[in-house]
Amino acid sequence: MAKLTDSNVFKWLDERVDLSPLTKLLYHKKVPVHSHTIWYYMGGVTLFLFIVQVFTGILLLMYYVPGENSAYESVQFILNKVSFGWLIRNIHSWSANLMILFAFIHMFSAFFTKALRKPRELTWVSGFILLLLGMFFGFSGYLLPWNELAFFATKVGTDIAGAVPFIGDWLKILLRGGDDVTGATLSRFFGFHVAILPAAFTIFLTLHLLLVQRQGMSEPDSFTKLPDEKKKYISFFPDFALRDFLLWLIVLIALLALTVFSPWDLGIKADSLASAPEGIKPEWYFMFMFQTLKYLPPHIWFIEGEVFGLLAFGAAGVIWMVLPFIKIKKKLLIESKYYFYIGVFAIAFIIIMTLIGYLS
Amino acid sequence: MKQDRRGFLNTLLGIGGIGAIASIIYPVFEFLLPPESREPTVSSIKAGAIDQYEVNSAKILKFGREPVILIRKDSGEFSAFSATCTHLDCIVQYRQDTKQILCACHNGHYDLKGRNVSGPPPKPLTEFKVSVINNEITISTMEG
Amino acid sequence: MKNIIRRAYVLFVGTVIFINLPSTVRAYTLQDKVDNCFVCHQENEMLPEGFSENDIHFTSGIGCVGCHGGSAIEEDEEIAMSSKFGFIGVPDKKDIPATCGKCHSDIEFMRQYRPRIATDQVSQYFESVHGKKLKQGDNKVADCTSCHSAHSILPVDDPRSSVYPLNLPETCNHCHGNSDLMYTYKLKSNQYEEYSKSVHGVALLEHRDISAPACNDCHGNHGATPPGIQSISHVCGTCHVNNQQYFEKSNLSTIFSEAGFHGCEECHGYHSIPKPSDDMLGVGEKSVCIKCHDSGDVGYDAALSWGGKLNELRTIHEHAAEVLAEVVKKGMNDVDIDFALKDVNQSLIQLRTFVHTFDSKLIVEKADEGIVLANNALELADKEIEEYYNRRIGFGFATLAFVILAFGVYLKIRKSSNVKHES
């Protein structure tokens, strides 16, 4: 099998720039093989979808014009005038949703394989921040076509942000760029979506990937317990990389199939004076929170139900982020018997609430 | 035998690889080529050369998604107005005999400044700017 | 003595006000002198009922003496209100038109105030039913002040005026809604009620569209009289031009006038004219045709056919509009369909007017023209929607390429996986 290091180009480069750290990483990194190996690929798929997002996002920027009187029209223009505009836009929409989905799967697989244990606490923290940024990416991007559903979803979403105690009003005005969702909000969300979030995301993504490469693959308990002769590995390059690539191709084919067979409607243009249409729903990854807030009674003890819910979600988010550091009775939570049930509860809660949100 | 199989595999990878790259590059390349109508919202249109239009005549043109009536008056000057009647959205026409703009649906009349002068229209027609540069007519919105 | 000081003070203040303050306040004076009628009557709280300082005559400096005679300068009431100064007091009802006409029929005089105002109101008034009855000595009919008021007269374009379009129906209703009074003339008193529910009344009173006709637009202002049989279609035709022209040329028009039917009114009613609907044509429940035509006669068949055509065009237009909305929602190109649909809408509007020709050939032609246009629009829309779903076809190739590549990679993995294992 021809090695990459044999090629002339590689040699030429190596003579000038020392490539040994790279080759060391590529050829010496090993990926354990066991019944949970499949989860190692989820981060890669998320990364791939992010690359697709960057790529299609840049393309869409060529034609998209933010603004109350041009945003909808320019998306319409992309969809029906620009060659393959519909393809690029639909890939961007689908890939965004799949990226969040795979990020969730990736996070829970890390949770259940206990990959967040020492020394990978920071990888977990950075990963969770990436998920939050990804969700905010989705929230801000949703408004950009300036259609009716997005307009009202943003209105509801920013209203909820306005209920946060103390900083709520300030947060709402900061997000909306004024008292109400207007063209100013659109400009702002555009700014978040194409400048602020990509910058922040890049920083945390770099950190996340550097940590992963530096620390290597985490091995679950079931694997470490095995006697050495039974431990199987494959090399990161080319074996794991090829599998990764195959999966990326499959995801790409699925993405295309979704795009072609189930395209996203543009909807009708937002009209700030129109009354809200029936069944305003947030994007699916906000649904469980949205639904929970709806179910809360108007008052819990002395505070408003919605405020209580937001505080609870905030607290849960912080706890989730610092999970690997939490100790109960001098024992790490990860090592306790409750750990597994916490994860099951979180997943069950998210799935059930999301389903209720869509079925009711 | 083994050689054959490796050859087959390489051919497969080659064809698939080239095909895959092509199916990514082609749409992207096409996407980047600007389409015929350059902008999502129309702010001006070309209406052709002056001599296409006879004196005391008019033509309905498409200004984006809005019909516009371009009138060449007796003086040879051009005027353009939205061709949508302000009453019930019928398309107006130019009357050569009375030199007025007429909406045939309910007999609404506008003068050649676009003002509603008789019949049901409640408002004047929106005026468009007509500029003639080197015998070429350009119609644009008043604001821009 | 005290009185004199007060009057001097008023004179002084009046002058200062006249110089410094806006024109409404200037009304306190009469040609830069104090209007003593006003001063005294105000002091003694004897201003006439319904007096308004905004009255157009008062604000223009035509004080009480303009109508009542007397002198506004004299300070002694006995002298001021003496026949020496032509004081007439409250004019007799029968003299009111002449009193107003003193100025309002004088072109030269009126020109000083409103160069474009008409001066034929009095002569018109005496042509009206009101005027004729007044001449005959009927004291219950409307005179100028009944509509314009006596002491708070405002120009017709002032929204506070009793004759401002939005207020006019209420003003007429003042007498015409009085059933006891109307009974003496054998008139109904529910016109206002009917009118306010009509298409015109709703437009004027609810939508505040002052271009919609109030009572005077059909009955005339000063020459108020009910339109006769012959002129009813002319009255309607002043606004509904096409409908009137088509109808006049139609066969039905001749038949109507021979039979003594009232043109437009026969189908549309008069005070309670409802917003016309497509159901008025045809043979359905709301049809006006079947009022005269019975199943089996030519008119019935025509009504059936025209109603069907109109309904067909309207239904297909609605359907096309729905499909257009779908095209927009899918983000496909809707511009051309939108244009095509505008033409269909135009055909539909024109057809509704064309119905008044009562000419089968014209009506069916117009309807068919619209239906063809609608079908074209639908075809365009279908193409767009088809295109939306057909994009997948071009993607066969790309997917094939990706699948081949994926298969190749898979084989490669299988081959190299033979070499793996160990620790």
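The legends below describe close-up views of a predicted model. Local features need pLDDT of at least 70, side-chain atom pairs count only at pLDDT 80 or more, and totals for chains, interfaces and linings use all residues. Residues are numbered from 1 along each chain as its sequence is written, chains are lettered from A in the order in which they are written, and side-chain values use heavy atoms, with hydrogens and water left out.

**View 1. Domains of chain B.** Chain B is split into domain 1 (1-33) and domain 2 (44-140), with bounds from an automatic or database domain assignment. Taken over C-alpha atoms, the centres of the two domains lie 56 Å apart.

**View 2. Nonpolar surface patch at chains A and B.** Phe55(A), Ile21(B), Ile24(B), Ile25(B), Phe29(B) and Leu33(B) make a nonpolar patch of about 590 Å². Patch residues have over 30% relative accessible area and no salt bridge, and nonpolar side chains (Val, Leu, Ile, Met, Phe, Trp, Tyr) are joined within 5 Å. Areas come from the Shrake-Rupley method with a 1.4 Å probe; for residues, only the protein chains shown count as cover. Helix H1 (residues 2-32) of chain B gives the largest share, 4 residues; helices are DSSP runs (H or I, at least four residues), numbered from the N terminus. Ile21(B) is located in this helix and is exposed at 53% relative accessible area (exposed is over 50%, buried under 20%, partly exposed in between; 1.4 Å probe, protein chains only).

**View 3. Interface of chain C and chain A.** The contact (heavy atoms within 4.5 Å) takes 26 residues from chain C and 31 residues from chain A. The buried area is about 2700 Å², with 68% from carbon and sulfur atoms; this is the accessible area (1.4 Å probe) that the two parts lose on being put together, summed over both. The interface has 2 salt bridges, a salt bridge being a side-chain nitrogen of Lys or Arg within 4 Å of a carboxyl oxygen of Asp or Glu. Lys329(C) pairs in this way with Asp265(A), with closest N and O atoms 3.4 Å apart.

**View 4. Salt bridge of Arg160(C) and Asp158(C).** The N to O distance is 2.9 Å. Arg160(C) is exposed at 54% relative accessible area, whereas Asp158(C) is buried at 14%.

**View 5. Salt bridge of Glu369(C) and Lys366(C) in helix H23.** The two side chains meet at 3.4 Å, N to O. They are separated by about one helical turn, because they stand 3 residues apart in helix H23 (residues 360-417) of chain C. Glu369(C) is partly exposed at 40%, and Lys366(C) is buried at 11%.

Definitions and conventions: Patch = residues over 30% accessible without salt bridge, like charges linked within 9 Å, V, L, I, M, F, W, Y side chains within 5 Å. Helix = DSSP H or I, 4+ residues; strand = E, 2+ residues; numbered from the N terminus.
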